[in-house]
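Dear colleague,

Please find below the structure that I am handing over to you. My findings follow directly after it.

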Amino acid sequence: MFRLTPNDVRVRVHEDHVEIRSRVQEVRDALRDASSASPPRWGPALSLCDAVERHMEFEDAELVPLLSAADAWGSVRAGSVAANHRVQGSIIIALREDIRAGVRSTAELVDEIRWFLGALERDLESEEDVVFADDAFGEEAVVSEQIDG
Ligand SMILES: [Fe+2]
């Protein structure tokens, strides 16, 4: 079966994280631009939810197995990424429902989204500490391309 190399996975994770951070900024802009007269555009937040779900699907399929196979601690790192994804996935489902249901007040929704953005950014950072560590995929994995950022 075709599998991506560790370097392919790192490049893709990096590209996805860049895209997600740019979408996080779009969501912040949409929330900031809102006023009492015009509620925020929720579209950027919904698009971010979709993008994070797609990204987590990729990581569950390609990153988690690579981490698991790396070394004695690999299964622990893989388990931690997978557990974070389950939490993030539940939050996204709840957030999407709250946005679409229109039951919560604008202020409550804005607070909820801002909290989600902060949690998401912390998760991206802690995941990068794992994925871009030299020994993330074991000693045999050779990274041939420098990734910045
Ligand atoms: Fe990620």
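In this predicted model, helix H1 passes helix H2 in a left-handed crossing. H1 covers residues 6-33 and H2 covers residues 43-70; their axes come within 10 Å and cross at roughly 165°. Since angles over 145 degrees count as roughly antiparallel, the two helices, H1 and H2, are therefore roughly antiparallel to each other.

On the H1 side, the residues that make this contact include Val 9, Val 13, Ile 20, Val 24 and Val 27, together with charged residues, among them Arg 12, Asp 16 and Glu 19. H2 contributes, among others, Leu 48, Val 52, Phe 58, Leu 63 and Leu 66, as well as His 55 and Glu 59. By class, the residues of the contact of H1 with H2 comprise 15 nonpolar, two polar and seven charged.

Helix H3 spans residues 74-101, which is 28 residues. From its first C-alpha to its last, H3 reaches 40 Å, close to the 40 Å expected at 1.5 Å a residue. The buried residues in H3 are Gly 74, Arg 77, Ala 78, Val 81 and His 85; they pack against H2 and helix H4 (106-131). Gly 102 follows H3 and has a positive phi, near 65°.

Gly 118 has its place in H4. Is Gly 118 buried or exposed? Gly 118 counts as exposed, because it has 11 C-beta neighbours inside 10 Å, and a residue with 12 or fewer is classed that way. The C-alpha atom of Gly 118 is separated by 9.4 Å from that of Val 24, although the two residues are 94 residues apart along the chain.

Yours sincerely

Key. Residues numbered from 1 in each chain as written. Predicted model: local features only at pLDDT ≥ 70, side-chain atom pairs only at ≥ 80, totals over all residues. Axes fitted to C-alpha atoms, helices over the stretch in contact; angles between N-to-C directions. Helix = DSSP H or I, 4+ residues; strand = E, 2+ residues; numbered from the N terminus. Parallel < 35°, antiparallel > 145°, perpendicular 65-115°, else oblique. Left-handed = near helix turned anticlockwise from the far one by under 90°. Contact = placed C-beta atoms within 7 Å. Expected span 1.5 Å × (residues − 1). Buried ≥ 20, exposed ≤ 12 C-beta atoms within 10 Å, placed from the backbone.
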